[in-house]
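Visitor: I'd like to learn how to read a model like this one, feature by feature. Could we walk through it together?

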Amino acid sequence: MVCRPYPCPSLSVLPSRPPEIRSETGRSSLPAVTSYRSLDELDLRHVLDGRIVVVRDGLAQLTPTGSWTRAALAAIASAVSPEAAQQVSERGLEHIHTVADIDQLRAVRDDLDRRLRPAARHLLLRFADLLPPQSRKVYVSEHLGVRIMPPRAIVHGREGELGGYTGFMVPTGAHVDSWFNTAVNSVNLWMALSRVRRDNGLLIWPAAYRRSLLHEGVRLLPGQAVGEPVEVQLDPGDLLLFAGDHLHGTRPNSGPETRWVVTKRICLGPPRYHPRATGWVPYLDPRLLGTPLRPLAPLRSVLTAGRARQLVRQTRRRLNSRGT
Ligand SMILES: O=C(O)CCC(=O)C(=O)O
Ligand SMILES: [Fe+2]
């Protein structure tokens, strides 16, 4: 299939509750999507080989039960009103847009980002801890993505002013994360706080994985054959793991529910960066955190060509802004 950024018409959708550790292919040409019930069998190498993994109820293995939902309700109480939080707690996070307008939704998103930051850091360390021995060392990123995607009618006409929230409140087109700032060997933890349905999820094009796609900055150039997209349905608390270098993008929300997802990133092996990345972020060695060697934790990502290219980009930008 030739991809125009989105929406893509034909979706291969998994049943919402596959049995334990089951591999399935949506179509014969697609690689397996594997479902686990526990983190202790995860091999991140398989994810970097292109496998898409779902850990059912994975959030409960990483956080105190219900704590992230409580944080979301506290954010609603503070950014909208305690009454709104009460209504959402009765009806589900999916219904936030019935009690909050778009400016309030943005305030909820920003508030939740602040509230979850320390807990999300802790979650990722726990995730790294619970993993069985991996083929390479893991490195953790400070990235946090709080993504609240209301039905598209709610954001319609406001896309311009919400441009800074692309991928966080308004859909992002098909992209590869390392075109931005992420390591090419990064794994994305895409964690559902609400239901994720076939009409509001994430599209992943497995056939395009590691193919040299034409892109301008972070924009996929149109007219390239990328295969059929896969979309996974999730229940609240499920984790989706996929290589950040899979071509992926938001499924514009054509349904009636708001989709809530939080993302974190972890790297298998020392971070390596795309030669034409538009940015750079460090990944930390978790073994050095909380020790006197903490300042050395980002060293493996600092001593890279990616970091050197970032310094050149920053210097050029600085010089250009002085020249204007
Ligand atoms: O959740 C989305 O719609 C976009 C997610 C994404 O691009 C990412 O997690 O890297
Ligand atoms: Fe992404």
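This is a predicted model: local features need pLDDT of at least 70, side-chain atom pairs count only at pLDDT 80 or more; totals for chains, interfaces and linings use all residues.

Visitor: Where is Arg210 found?

Guide: Arg210 is in the loop between strand S9 (202-205) and strand S10 (215-216). Helices here are DSSP runs of H or I with at least four residues, strands are runs of E with at least two, and both are numbered from the N terminus. Residues are numbered from 1 along each chain as its sequence is written, with chains lettered from A and ligands numbered from 1 in the order in which they are written.

Visitor: What is the value of phi for Arg210?

Guide: Phi of Arg210 is near 60°, a positive value in a residue other than glycine. Asp57 has a positive phi too, near 65°, and isn't a glycine either. Asp57 is found in the loop between S5 and H2.

Visitor: Which strand runs parallel to S5?

Guide: Pairing takes at least two DSSP bridges between two strands. Strand S4 (residues 33-36) runs parallel to S5, and four bridges join them; Ser35 has Val54 as its bridge partner in S5. S5 also has three bridges to strand S14 (residues 239-243), this time antiparallel, where Val55 stands opposite Leu239.

Visitor: What about the partners of S9?

Guide: S9 pairs with S15 in the antiparallel sense over four bridges, and Trp205 stands opposite Leu247 in S15. Two bridges join S9 to strand S13 (residues 230-231), again antiparallel, with Glu231 as the bridge partner of Leu203.

Visitor: At what angle do H2 and H3 pack?

Guide: Two packed helices are described by the angle between their axes and the distance between the axes. The axes are lines fitted to C-alpha atoms, for helices over the stretch in contact, and angles run from 0 to 180 degrees between N-to-C directions. Helix H2 (residues 67-79) and helix H3 (residues 82-91) pack at about 145°, with their axes 6 Å apart. Leu73, Ile76 and Ala77 of H2 meet Pro82, Ala84, Ala85, Val88 and Ser89 of H3, contact being C-beta atoms, placed from the backbone, within 7 Å.

Visitor: How many residues are in the largest nonpolar core?

Guide: Nonpolar side chains tend to be buried together in soluble globular proteins. A nonpolar core is a set of buried Ala, Val, Leu, Ile, Met, Phe, Trp, Tyr and Cys residues joined through C-beta atoms within 7 Å. The largest one here has 85 residues, and those with the most contacts inside it include Ile76 and Val108. Helix H4 (residues 102-130) gives the most to this core, with eight residues. Leaving out residues up to four places away in sequence, Val108 touches Ala75, Ile76, Ala79, Val80, Ala100 and Ile148.

Visitor: Which residues are around ligand 1?

Guide: A residue counts as near a molecule if its C-beta atom, placed from the backbone, lies within 6 Å of it. Around ligand 1, they include Arg147, Asp177, Trp190, Leu202 and His248. Strand S7 (145-149), strand S8 (186-192), strand S15 (247-250) and strand S16 (259-268) each supply at least two residues of this shell.

How values were computed: Two residues are in contact if their C-beta atoms, placed from the backbone, lie within 7 Å. A residue is buried if 20 or more other C-beta atoms lie within 10 Å of its own, exposed if 12 or fewer, and partly exposed in between; C-beta atoms are placed from the backbone.
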